[in-house]
Every structure is written in structure tokens, then in C-alpha cells.
Amino acid sequence: METPVYKFEPHDYDTVYEPAEDTFLLLDALEAELDTIKARQPSLCVEIGPGSGVVIVALSKHLPAGQTHCIGFDLNPNACRMTQKTAHLNGSRVDVVNMDLLAGLRPTSVDLLVFNPPYVPTQPATTAHAAASLEEHIDEFRSSVDVGQTLVHAWAGGADGRVVTDRVLADLPRVLSPTGLFYLLLLKENKPEEVLEQIRGMNLRGSIIKERRIRGEHLYVVRIERSERK
């Protein structure tokens, strides 16, 4: 899938995660999966934390407008505005909701779920050591040490980089439809094989469908679905 047009103003770089290698890996994985996704005829497509909006907008351009409703959920109001802007620039219909993760969704309602989570392993944010740990990574993400907390939350993932991811996985059996698909981006330090083992106890199954090494990182895209499809 081609990367949608997006436009950052100077102040946006401090509060919204700019598309980077992990974004493009997720786009490549979704492009390879388009036939599989379309065969499931998704009615509701949700991206958690769309940030710039390029992933959910790209999907909206390749899924039937009259069949699939695309929504982005983001806790960051600036990211919500940026996603709306990206959708407008590309003539796409994408709704955006300022909310935390999946709590507002009805059971078994999501047919296609996408998440590029905050995945960098960091110390708990309650200690002085945590602040230093976060600042160590800021240059790597092309920001400065006075970056806003909102942008820090876009990449700081807590223990094993999985604090937010594990919250989503715990809620996945509730929200995923019987034929639903979940595409999740993980870092090697997030222990992808452990994640796959963890979901087996939730009557879910998953596999690594794409991986890439970039700038000292090893990234994976995992596809997850119910063990038994109805």
C-alpha cells in the first residue's frame, strides 16, 4: 500500500509520532495481507493509537467504503487531529475517537484491529531512574530531552515494552469478532514468542507474518485471530 499524504507542522513533531520504519513495516505487512483481510469482509476496522493516521487511512483507501467503517482510537488529542487531517488530505472517510484503548467497544465488534504500540522497554515511570531511562531513548526517536509527555507515551512501553500491549491482549477475546484479525507490531525485546504462547491460553492463535531489522532493532508483525472461527 502506498503511504498516504500527511503534513506535519513544526509543533506537531513534539506531540505526534512521525511515521518511521516501524510504520512502514506495518504498512508492508498489511499490504501483503490485503487479500486475506478482504476475504473476511470486515465491517469495523479499528487502529489503536493511529498517531499520524497513515496506517488507518491507507487501509480505508483499500477497503470498500460502503462495507468497512474505519476508526482510530487515540488518547492523544493532537494525534486525533492529525489523523483527521491526514484523512482529509487523502479524501478518505476515517472517524477518530479520543479515548483509551478498547474499553468503549461492544463485545465481538471488531473485525480488523491494528496496533503499533509503545514498545520500547523502559523502567516504571514512578522513579527518578525512569526519567533518565526515557531520556536515553529520546534522540533515537528524533526528539529532544524536553519532548512533551504525550510523545514519550507513544514509544515508552514499560517492563519488556509490553505494558500497553498486554492490556490490549487481555481485552482481545472480548472485542474481536468471530472472524476478526489483529495485526500487532512488536520489538524483539517484547518477546514475541512469549506473546504467542500467552494468547494460546485465551483461545487465540497467532503467527509472525513479517519481520525486519532496522537501526539496531528487530521488529515483527504478528497476526492474531480466534482459534476457532465461526
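Reader: Where is Arg215 placed in the chain?

Author: Arg215 sits in the loop between strand S6 (204-214) and strand S7 (217-226); helices (H or I, at least four residues) and strands (E, at least two) are DSSP runs, numbered from the N terminus. The model is a predicted one, in which local features need pLDDT of at least 70 and side-chain atom pairs count only at pLDDT 80 or more, while totals for chains, interfaces and linings use all residues. Residues are numbered from 1 along each chain as its sequence is written, and side-chain values use heavy atoms, with hydrogens and water left out.

Reader: Why is Arg215 called exposed?

Author: Buried means under 20% relative accessible area, exposed over 50%, and partly exposed in between (1.4 Å probe, protein chains only). Arg215 has a relative accessible area of 52%, and is therefore exposed. Its phi is near 45 degrees, a positive value in a residue other than glycine.

Reader: What makes Leu101 count as buried?

Author: Leu101 has 10% relative accessibility, so it counts as buried. Leu101 also has a positive phi, of about 55 degrees, although it is not a glycine. Its place is the loop between strand S3 (95-97) and strand S4 (110-115).

Reader: What makes Arg167 and Asp100 a salt bridge?

Author: The term requires a side-chain nitrogen of Lys or Arg within 4 Å of a carboxyl oxygen of Asp or Glu. For Arg167 and Asp100 the N to O value is 2.8 Å, and the side chains meet in a salt bridge. Arg167 belongs to helix H7 (residues 163-175) and Asp100 to the loop between S3 and S4, so the pair ties together parts 67 residues apart in sequence. Arg167, with a relative accessible area of 45%, is partly exposed, and Asp100, at 31%, counts as partly exposed.

Reader: How many salt bridges are found in the whole structure?

Author: The search finds 12. Among them is Arg223 with Glu33, whose closest N and O atoms are 2.7 Å apart. That pair links distant parts of the chain, with Arg223 in strand S7 and Glu33 in the loop between H1 and helix H2 (34-39), 190 residues apart. Both Arg223 and Glu33 are buried.

Reader: How do you know that Asp74 has no salt bridge?

Author: The nearest side chain of opposite charge, Arg81, is 11 Å away from Asp74, which is buried; Lys and Arg count as positive and Asp and Glu as negative, with His and the chain ends not counted. A polar atom of the Asp74 side chain does lie 2.9 Å from the backbone nitrogen of Asn76.

Technical notes: Polar contact = N/O pair within 3.5 Å; in protein donor to acceptor, adjacent residues only side chain to side chain.
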